[in-house]
Amino acid sequence: MSFLMKSMLSNQVKNLGLGGGSEESKEEGGASDPAAAAGMTREEYEEYQKQVVEEKMERDAAFAHRKAERACLRVHLREKYRLPKSEMDENQIQMAGDDVDLPEDLQKMVDEDQGEEEDKDSILGQLQNLQNMDMNTLKEKAQATFTEIKQTAEQKCSMM
């Protein structure tokens with residue numbers, strides 16, 4: 001109820017011209033000139049707007065670069081585990097300018113993983129795995145491999 005009374009009285013005071021209209025004209029002037037509303041001159045305001053736009057562009061570029069790095073990581077993992085390629089990841093990398101690599105920390109981790117895998121694939125790595133097996137399992141694997149080789153040789157060689 002008090003709101004209704006205040007609005008009715010303020011409207012009547014504004015109509016009389018007792019100073020209520022001057023505040024309204026100042027507010028309208030502030031809305032048309034954002035520099036004055038911010039307490040700056042027009043040149044300062046324009047420079048401020050340019051800086052805001054430049055900062056936004058830098059943030060967007062950094063964000064796109066990070067997205068491309070993530071896409072590069074996904075592509076690398078897909079290649080490593082022989083998964084199907086993704087067009088979306090390739091497009092993100094192309095949009096970033098194809099100069100995207102894995103982040104240094106991830107590159108170190110990948111290098112370490114490759115080193116471990118190479119060690120496992122080497123003869124010494126296989127010998128270490130043999131030490132962990134029991135003799136029955138080793139004997140079964142050797143017999144299975146021998147019979148497999150023998151069967152392949154019989155199929156390909158007519159003399160046996």
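The buried residues of helix H5 pack against H4. The coordinates behind these views are a predicted model, where local features need pLDDT of at least 70, side-chain atom pairs count only at pLDDT 80 or more, and totals for chains, interfaces and linings use all residues. Numbering starts from 1 along each chain as its sequence is written, and side-chain values use heavy atoms, with hydrogens and water left out.

**View 1. The whole chain, for orientation.** You're looking at eight helices and zero strands, which run α-α-α-α-α-α-α-α from the N terminus on. Both kinds of element are DSSP runs numbered from the N terminus: H or I with at least four residues for helices, E with at least two for strands. Of the 160 residues in the chain, 9% count as buried; that means under 20% relative accessible area, with exposed being over 50% and partly exposed in between (1.4 Å probe, protein chains only). The chain exposes about 14,000 Å², and carbon and sulfur atoms supply 54% of that. Accessible areas here are Shrake-Rupley values with a 1.4 Å probe, and for residues only the protein chains shown count as cover. Among contacts with a separation of 6 or more, 41% join residues 24 or more positions apart, a contact being heavy atoms within 4.5 Å.

View 2. H5 covers residues 87–95, and its buried residues are Asp89, Gln92 and Ile93. They sit on the same side of H5 because they cover an arc of only 100° around the axis, taken from the directions from the helix axis to the C-beta atoms. Just after H5, Gly97 takes a positive phi of about 100°.

View 3. Asp89 lies in helix H5 and counts as buried, at 1% relative accessibility. Beyond residues up to four places away in sequence, Asp89 touches Ala71, Arg74, Val75 and Arg78. Arg74 makes a salt bridge with Asp89, with the closest N and O atoms 2.8 Å apart. Since Arg74 lies in H4 and Asp89 in H5, this pair ties together parts that are 15 residues apart in sequence. Arg78 makes a salt bridge with Asp89 too, with its closest N and O atoms 2.4 Å apart. Arg78 is in H4 and Asp89 in H5, so this pair ties together parts that are 11 residues apart in sequence. The cut-off is a side-chain nitrogen of Lys or Arg within 4 Å of a carboxyl oxygen of Asp or Glu. Put together, Arg74, Arg78 and Asp89 are linked in a network of salt bridges. Both arginines count as partly exposed, Arg74 at 33% relative accessibility and Arg78 at 22%.

**View 4. A salt bridge within helix H4.** A search of the whole structure turns up three salt bridges. One of them joins the side chains of Lys56 and Asp60 at 3.1 Å, N to O. Both residues lie in H4, four residues apart, which is about one turn of the helix. Lys56 is partly exposed, with a relative accessible area of 44%, and Asp60 is partly exposed at 42%.

**View 5. The largest nonpolar core.** Seven residues make up this core: Ala68, Ala71, Cys72, Ile93, Val100, Leu102 and Val110. Helix H4 (residues 42–80) provides the largest share, three residues. To count as a core, buried Ala, Val, Leu, Ile, Met, Phe, Trp, Tyr and Cys residues must be joined through side-chain atoms within 4.5 Å. Skip the residues up to four places away in sequence, and Cys72 touches Ile93, Val100, Asp101 and Leu102.

**View 6. His76 and its partners.** His76 is found in helix H4. Leaving aside neighbours within four places in sequence, His76 is in contact with Leu102, Val110 and Gln114. His76 and Leu102 are 26 residues apart in sequence, yet their C-alpha atoms are 8.7 Å apart in space.

**View 7. A nonpolar surface patch.** Leu77, Tyr81 and Leu83 form this patch, with about 310 Å² of accessible area together. Patches take residues with over 30% relative accessible area and no salt bridge, joining like charges within 9 Å and nonpolar side chains (Val, Leu, Ile, Met, Phe, Trp, Tyr) within 5 Å. Leu77 lies in helix H4 and counts as partly exposed, at 37% relative accessibility.
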